[in-house]
Amino acid sequence: MDAPRTARLVETVLRCYPARWRRRHGEEAAELAALLIRDGTPASSIAWSYLAGAVRERLTPRPGLRLGTVACALLAAACLLGASAGLLAPAAPARAASTSQPRGRAQCQRGSPEPGPSVIPATGRAQVIIWEAGHDRSC
Amino acid sequence: MIVGRRDGRAGQDVLRRAGEASVLILISLAGGPRHGYALIQDIRELAGVELGPGTLYGALDRLERLGLIESLPAEDRRHPYRITAPGAAALRVHLDSLERVSAAGRLRLRLGGI
């Protein structure tokens, strides 16, 4: 690999580091790479080393940011839970009513007082389903 | 990396989980301040280990955060690093620990007749 190409490769890989790291080590790191290449170290191995270092640098939490990151994660989780609960809540009673009705009928024997639901029309609202007395018996 | 104390006082081997690169860098800096390229060359001669530049800067940042080394004013574009007093103490504790393990290993080999 010719010199301009290796320089470009190292430069590209160094751009993977966070800006804070590049401000501190960027120029020195590029110079170090040039010196190592001059000594005979393959450019590809230098690029891999810098790439792995950039990944580690991005994945390692900074001591100051750790608490903030945890707080953000907790807040995001709480928002997600709240949103899911809000979406599921209106659907739950309707589903419960539709599933409980056939099961109650199937369990009862013929002749026994059927504790099925009676539908009382509520004025101006959705229908209310009330189970009649006897629903606590075995049938 | 979990470290008990920043100052590397007696008994605390803060370098136990620091990795080979960090220990080699401290050993190299124990001989005097050095910048990145000089560290790589010295470690190559000292231990026969080819330290990658990415590994080197990661270890330097970690050691500096722990207060075991400090960077000196830049010369040209290079930042020389120097071992601090807590760094020297931590290195001493770690090397003592390695010596104990090494001695125990040699003794067992001798007793086992291997």
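Predicted model: local features only at pLDDT ≥ 70, side-chain atom pairs only at ≥ 80, totals over all residues.

Guide: Chain B has four helices and two strands, and from the N terminus on they run α-α-α-β-β-α.

Visitor: How confident is the predictor in chain B?

Guide: The average pLDDT, the predictor's per-residue confidence from 0 to 100, is 88 in chain B, and 90% of the residues score at least 70. Over residues 1-9 of chain B, though, the value is below 50. Where pLDDT is low, the coordinates should not be read in detail. For the complex, the predictor gives an ipTM of 0.79 and a pTM of 0.65.

Visitor: Why is α1(B) called roughly perpendicular to α3(B)?

Guide: Their axes come within 9 Å and cross at roughly 75°. Axes are lines fitted to C-alpha atoms, for helices over the stretch in contact, and angles run from 0 to 180 degrees between N-to-C directions. Under 35 degrees is roughly parallel, over 145 roughly antiparallel, 65 to 115 roughly perpendicular and the rest oblique, so α1(B) counts as roughly perpendicular to α3(B).

Visitor: Which residues in α1(B) and α3(B) meet?

Guide: B:A21, B:S22, B:I25 and B:L26 in α1(B) meet a set in α3(B) that includes B:L56, B:A59 and B:L60. A contact means C-beta atoms, placed from the backbone, within 7 Å.

Visitor: What about the side of chain B that touches chain A?

Guide: There, 11 residues of chain B are in contact with 16 of chain A. On the chain B side, α2 (36-47) and α3 (53-65) are the elements giving two or more residues, and α3(B) has the largest share, five.

Visitor: How do you know whether B:D76 is buried or exposed?

Guide: Count the other C-beta atoms within 10 Å: 20 or more is buried, 12 or fewer exposed, in between partly exposed. B:D76 has 9, so that residue is exposed. B:D76 sits in the loop between β1 (69-71) and β2 (81-83) of chain B, and its phi is near 60°, a positive value in a residue other than glycine.

Technical notes
Residues numbered from 1 in each chain as written. Chains lettered and ligands numbered in written order. Contact = placed C-beta atoms within 7 Å.
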